[in-house]
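The entries follow the order in which I looked things up.

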Amino acid sequence: MKILDSFLSLFKAPLSKGISRPSNGYHFSTINKSLTLRHVDVGSCNGCEIEIASAFNPIYDAGRFGVALTASPRHADGLLVTGVVTQNMVDPLIKTFDATPNPKIVIACGDCAISGNLFKNGYGVKGPVSEVLNVDVSIMGCPPHPIDIVDTLRAIADPK
Amino acid sequence: MKLLLVSFSIGCLGALLSLVVSDRYRITVASLSIIAESILSAFASLNVIVDEKRYSFTATQVLPLFGIKLTFNSVNALFIFITSFLAVAIGIYQMGYGKHAVRAKISVFTFPIFITSMLLIPLAASVVTFMAAWELMAITSIILVLTDHKVNNKVGKATQWYSSMTHLGAALIFLGLVILVTATGHQQFSLIFANIGRVGTPEKCIAFFLIFLGFGSKAGIVPLHIWLPYAHPQAPSPMSAMMSGAMVNLGIYGIIRFDMMLLGRGANWWWIIVVAVGSITAIYGSLQCVLNSDLKQLLAYSTVDNVGLMVIGVGVSGLLISAGELKFASLVMMGVFFQLLAHSIFKGMLFLTAGAIQYNRNTLSIDMLGGLLKTLPTISICMLIGVGSISAIPPFSGFSSEFVLFEGLFQAVVHLSGINAVAILMGVTGFALAGGLTATAFIKTAGIALLGISRSPKNPPKTKIPFTMIAGTLMLAISCVFMGMFPNLILDILEKSTRTVFAKNLLNISGSFGSISITGMTSDIQVLILFCSSIIFILGIYGISKLFSLRKLRIVDSWGCGSNYSSLRTQYTATSFAGPLQKIFEDIVKPAHDIKSSHAEESKFYIKSVKYTYNFQDRIEMVIYDPIKRLILIWGKVTSNIQNGSVHRYIAFGFIGLLAVMVFLT
Amino acid sequence: MSLFGSVTSLLQILFVLLMAPLLNGIMLKVKSRAERRVGPPILQTFYDLRKLFKKETLRSNNSTFIFTLAPLILISSTVVVIVVSPIITTGELFNGSGDLFAIVFILLIGSMSIALLGLDAATAFGGMGSSRAATITSLSEPALLVSVIALSVQAKSTNLSVIVLGNVHHVSWLLSPSHILAISALLIVIFAEAGRLPVDNPATHLELTMIYEAMILESSGENLALVKLSEFMRFTFLLCIASNLFFPFGIDSTKSWIFIGISCILLAIKLIFIVGLIALFETTQAKLRLFRVPELLAGAFVLAILATISGIVV
């Protein structure tokens, strides 16, 4: 454990989370030590996906903080959105958001999701996630390092 | 006894009256006469069972030469009770159903007579009386199957199957009984029984199997079950409920009455074969049931499955008798009786709900149904109760009956040894496999038909379901729950019938109210208390979870993975639900698939349409009956050369025949 | 209905209620450790359930009352079998009702209600899960029923308390081929019924490979919590029964309070041991293809038949 921690501290990047707008009714008291997320790819290049997968692998193991990914938004406490929102994914994103029970959190993962990055005014692009939903937490990076992802998710799941 | 005769005459009178009155009142008159008849006979039979009375009745003038002989004891009273109890509910149901759905005048007239003949059969005490009543039932039931022949072209085929199988069965029974009559020189059952020693062993064996097959064809043992999935769906629902719920019982009655009670304790290999046949019947019936997606055909196959269970029970009971273990034999027999009673009622009810669904939605294909719990709540809840019963889950009637039967089988495994025990294991295998498959079949039925949303919105719901239809169904549903929750009351009654079968008092119903507890059984299931406690648990857990939860509920769309298409076409259908099982049992059932795709003219890579056809047929029909049918056709062609309709030729035949006879005589 | 009976029944419920999430946590931890990861805390399942109870419940507009009722029926049927079975003591409240046959069919209520829950919301995945789960149930049920007979042959009783007591008093029964075969059949069935590897992967995120998870994709909040809790409880209950049948020593048969305490602790140790073994076993297994599962269950069925035959013959 300690070895892993020191290993992690080598890569420690600046913490990149910030509450951007009034939350979607997300309470720390509810999501305490247990955070289940539904990952939504709204137009990502799959770089973020690879890093998310890494964040849950045995090396970074986000699972040890009670974080898990789930298949159904009904089971989720929030959405982990990657990529710039394309026109075709606007509706599914909103539907997924609606299908998630309150209280819930929206995490924009990666620069595309936060700002649109390279694709900002591209063809068929709606814009960053914040144009569609209220984003609570953002994870910066293109793609974000797994440690950043783990760190952010840990800060949400276990805020003490 | 007098009450019973009065009730019969009410039935016949009602039938005749229904011919006379105007169209508007016909169905009401017939139904009322059925209700009156069956209430009277239910009371009479219950009275006989409880007081263990015996009556007999002889009328020499009715049938030429032999006359009618009837006896009334607590065994046949049980069967009469089951039939008449079912008939009360069906009579009530028919008042609403028949007004729109039963058009044929003749069927309305025949139905009370059919019921009367079914009440008469168990009473028969001599071969001639029995066969007369049996034929009456056969003919009336054929007329009932034919009811919708004008609007439904499947009726013809169904009737062909049904009438040929029925008459084959009757011929087998008749042959078997004739062997007994010629060997003993008597045609009264009591005298045959007294002189059974005169029958030689080979004759006994032949008679046993002839009678077993004959009644088996009525009950629906594999491979003689073939008429059930044809005839039951085509008859109007009250009639198919009666056929599946009560007529099939008479097949079991015949096996018990003649093979077990009349022929006495036989060789154990007889009963081993019976157990094997029962086991195959149960497995095959449940397998076909789980793969079928026509509501009434599925129910017909499930009848085959339940008959299999009863035949296993009868066989095991016979084995125990021939091994001398009378106490456990009577335990198994009680299980069989309970299963008979429970099956009649839940299967009758399921057919009635199927009728109501057909009435409302105009289809019986489960693939087209869905969401009925929202549109037909009462009928759907009745159906759920039936599903619970048939899957043998407590606190419904199927659980109590299968529990007694299972305990009996278990005691048989423990108390028999050698080949007998292995034979019983075969029965247990059938019982177990059928149990699992039946549960799945009815999860499918209830889940697909009642839940979700309708799979065919083009089929708008028809008129409201009349109150009488709901009342009839509800009556049976309540009795399912009652029999499940107060099994001790039912067991008290069944114990008296069992006692009469064995002419000995072997079992003792102990235990408190609402429990299953019989001497010889190792457990004492307190169904009522368990049910009440589970209700308390449900309420308690609901309360606690409400106390801790946020008490928030939001109604949303079903989760369709974010897409827009409606869930109408993406829902599972009955066929797809059974898909995995169909694939697993592909070697046995061999369904025919075919995929045809047509291309666009421009390029074969553009597919215009894909057509998938899936044909699922009874394999036994293909393997056994199709060759027979072909043989009969060939025979017909050969004989049509001789019999070509020319009168001259017939005169020549007559002349040659006459000459030949005269030559032989001189 | 004695005081002892009532208190021990409550104790049994509490025992299973507390052990169920704990055992799941232990399994997750052992599996993680076997994969060289740290893994979630042992109490993680408790945290998850606590969170779900606090969350909002969503209900599909296509659903019926089954949607709310099915989880309740599932959990209450589980509680009923816990009450009637000998878990920490053989002298429970409804002594005669602890019949193996009845237990099998009360558990079937739960399976049926959850299968109906899957079909209730008119979703494709729900139907898929129900279909698969019903298929597995239809094949594991026969194996279960025959192994019930096999387990009961020696004690000449289908009453679970009598069987367990018989096993305590006749050590030779435990080592008879019949018993060992029957237990192995039972274990396979338990794996199938509880949706563990190699029949179903409880950790899967892919809807197409799901069996039991797919049925509850539509449930949320307290409904989901109830379903999850009762599935853990069913698994724990089945393990309790298996351990009491296979190694019954330590179960209270004297109806004394001290023994109850000892029996609780011993059973907890036994369960943790079994669960550890199962977790290690699962890390070495991949999920079977759906159409290979019947072969496994047919194997269990044959084992159960063999067990019964050897029980009759020996």
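Before starting I noted a term: two strands pair if DSSP finds at least two bridges between them. I also noted that this is a predicted model.

**Entry 1: the sheet in chain A**

I looked up the order of the strands. Five strands of chain A form an open sheet in the order 2-1-3-5-7, and their pairing is parallel. At the edges I found strand 2 (67-69) and strand 7 (137-139) of chain A, each of which pairs on one side only. From one strand to the next, the twist averages 30°.

I then took one pair of strands. Strand 1 (residues 35-41) and strand 3 (residues 78-82) of chain A run parallel and are joined by five bridges. Which residue of strand 3 of chain A stands opposite A:His39? I found A:Leu80 there.

Next I checked which helices pack on the sheet. Helix 2 (residues 47-55) of chain A does, touching strand 1, strand 2, strand 3 and strand 5 (105-109) of chain A. The direction of helix 2 of chain A makes about 130° with that of strand 3 of chain A. Helix 5 (residues 146-157) of chain A also packs on the sheet, and touches strand 1, strand 2, strand 5 and strand 7 of chain A. Its direction makes about 160° with that of strand 7 of chain A.

**Entry 2: helices 8 and 10 in chain B**

I looked up how helix 8 (residues 201-219) and helix 10 (residues 237-262) of chain B cross. Their axes come within 7 Å and cross at roughly 165°. Angles over 145 degrees count as roughly antiparallel, so helix 8 of chain B is roughly antiparallel to helix 10 of chain B. The crossing of these two helices is left-handed. Residues in the contact include B:Phe208 and B:Phe212 of helix 8 of chain B, and B:Leu250 and B:Phe258 of helix 10 of chain B. By class, I noted 11 nonpolar, three polar and two charged residues in this contact.

**Entry 3: helices 13 and 19 in chain B**

The axes of helix 13 (residues 326-361) and helix 19 (residues 487-502) of chain B come within 9 Å and cross at roughly 125°. These two helices are therefore oblique to each other. Their crossing is right-handed. Among the residues that meet are B:Met333 and B:Phe337 in helix 13 of chain B, and B:Leu491 and B:Leu494 in helix 19 of chain B. This contact has 13 nonpolar, three polar and one charged residues.

**Entry 4: domains of chain B**

The domain assignment gives chain B domain 1 (1-196), domain 2 (265-550) and domain 3 (623-665). The centres of domain 2 and domain 3 of chain B, taken over C-alpha atoms, are separated by 50 Å.

Technical notes:
Residues numbered from 1 in each chain as written. Chains lettered and ligands numbered in written order. Predicted model: local features only at pLDDT ≥ 70, side-chain atom pairs only at ≥ 80, totals over all residues. Heavy atoms only, no water. Axes fitted to C-alpha atoms, helices over the stretch in contact; angles between N-to-C directions. Helix = DSSP H or I, 4+ residues; strand = E, 2+ residues; numbered from the N terminus. Parallel < 35°, antiparallel > 145°, perpendicular 65-115°, else oblique. Left-handed = near helix turned anticlockwise from the far one by under 90°. Contact = heavy atoms within 4.5 Å. Nonpolar A, V, L, I, M, F, W, Y, C, P; charged D, E, K, R; others polar. Domains from an automatic or database assignment.
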